[in-house]
Amino acid sequence: EVDFFGGEPLMNFDMVKKLVAYCREQEKIHNKNFRFTLTTNGVLLNDEIMEFANKEMGNVVLSIDGRKEVNDRMRVRVDGSGSYDRIIPNFKKLVEKRPKNKDWYVRGTYTKYNLDFSNDVMHLYDLGFDQISVEPVMADPSEPYAITEADLPRIFKEYEILSEKIQKIRDCLLYTSDAAD
């Protein structure tokens with residue numbers, strides 16, 4: 001398993017392609033099978049990269065933190081603007097073209113700024129993403145966005161809220177499915 005992540009691997013897409021080609025050669029020589037994962041913030045996604053990812057990557061992790069205001073607060077571009085408006089169309093296009101036998105999911109990080117992260121999950125779901133992961137930020141406690149022990153009761157409650165929201169969706173889907181039968 002080879003994971004391309006950290007920083008933004010698409011900043012050196014040529015190297016990603018070369019490494020995948022090299023590993024594909026080694027598969028034949030050594031009778032091995034490589035599985036690749038790409039984690040991207042989506043800013044540099046284009047048709048060429050999407051085609052490559054959908055062919056070569058067993059899994060693509062689409063990194064976004066949720067609602068526009070949440071994502072853009074933490075993911076600021078060089079020009080000072082947020083990345084949300086650029087990446088959402090890219091992510092939708094990649095997922096739409098992704099083969100059914102290839103994995104993907106959107107992954108968000110919640111911080112002290114969005115301890116109501118169930119709203120971010122539901123926002124992503126409403127955009128059409130049904131494979132979603134959210135995780136707490138790991139940061140130095142001195143950072144203003146860091147989660148502290150004092151936030152834990154709120155986080156535990158938010159997971160309960162998220163569970164209830166997911167259960168309502170599940171019940172609705174089951175009801176709709178039963179009604180169709």
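These notebook entries record what I looked up in the predicted model shown above.

**Entry 1. Basis.** I worked from a predicted model, in which local features need pLDDT of at least 70 and side-chain atom pairs count only at pLDDT 80 or more, while totals for chains, interfaces and linings use all residues. Residues are numbered from 1 along each chain as its sequence is written, and side-chain values use heavy atoms, with hydrogens and water left out.

**Entry 2. The chain as a whole.** I looked up the secondary structure and found six helices and five strands; helices (H or I, at least four residues) and strands (E, at least two) are DSSP runs, numbered from the N terminus. From the N terminus on, I read the order of elements as β-α-β-α-β-α-α-β-α-β-α. The C-alpha trace spans about 55 × 55 × 30 Å along its principal axes. Of the 181 residues, 40% count as buried (buried means under 20% relative accessible area, exposed over 50%, partly exposed in between, with a 1.4 Å probe and protein chains only). I then turned to contacts (heavy atoms within 4.5 Å). Among those with a separation of 6 or more, 72% come from residues 24 or more positions apart.

**Entry 3. Aromatic rings.** I found seven aromatic pairs in the structure. Tyrosine 110 and phenylalanine 117 make a stacked pair, because their ring centres are 3.9 Å apart and their planes stand at 15°. For the terms, I note that rings of Phe, Tyr and Trp (its six-membered ring) pair if their centres lie within 6.5 Å, and that planes under 30 degrees apart count as stacked, over 60 as edge-to-face and the rest as tilted. Tyrosine 110 is buried at 2% relative accessible area, and phenylalanine 117 is buried at 0%. I also noted one aromatic cluster formed by Phe4, Phe34 and Phe36.

**Entry 4. A charge over a ring.** The charged end of arginine 73 sits over the ring of tyrosine 113, at 3.4 Å from the ring centre (the criterion is NZ of Lys or CZ of Arg within 6 Å of the ring centre and within 35 degrees of the ring normal).

**Entry 5. Helix 5.** I listed the buried residues of helix 5 (residues 118-126) as Ser118, Asp120, Val121, Met122 and Leu124. Just after helix 5, glycine 128 takes a positive phi of about 110°.

**Entry 6. Glutamate 27.** I located glutamate 27 in helix 1 (residues 13-30). Glutamate 27 is buried, with a relative accessible area of 13%. With neighbours within four places in sequence left aside, I found glutamate 27 in contact with Lys32, Asn33 and Phe34.

**Entry 7. Aspartate 103.** I located aspartate 103 in strand 4 (residues 103-110). Aspartate 103 is partly exposed, at 40% relative accessible area. With neighbours within four places in sequence left aside, aspartate 103 is in contact with Arg35, Gly58, Asn59, Val60 and Arg98. I also checked valine 61, which is 42 residues from aspartate 103 in sequence and 8.6 Å away in space, C-alpha to C-alpha.

**Entry 8. Contacts between two helices.** I recorded which residues of helix 2 and helix 4 meet: Asp47, Met50, Ala53 and Asn54 in helix 2 meet Asn90, Lys93, Leu94 and Lys97 in helix 4.
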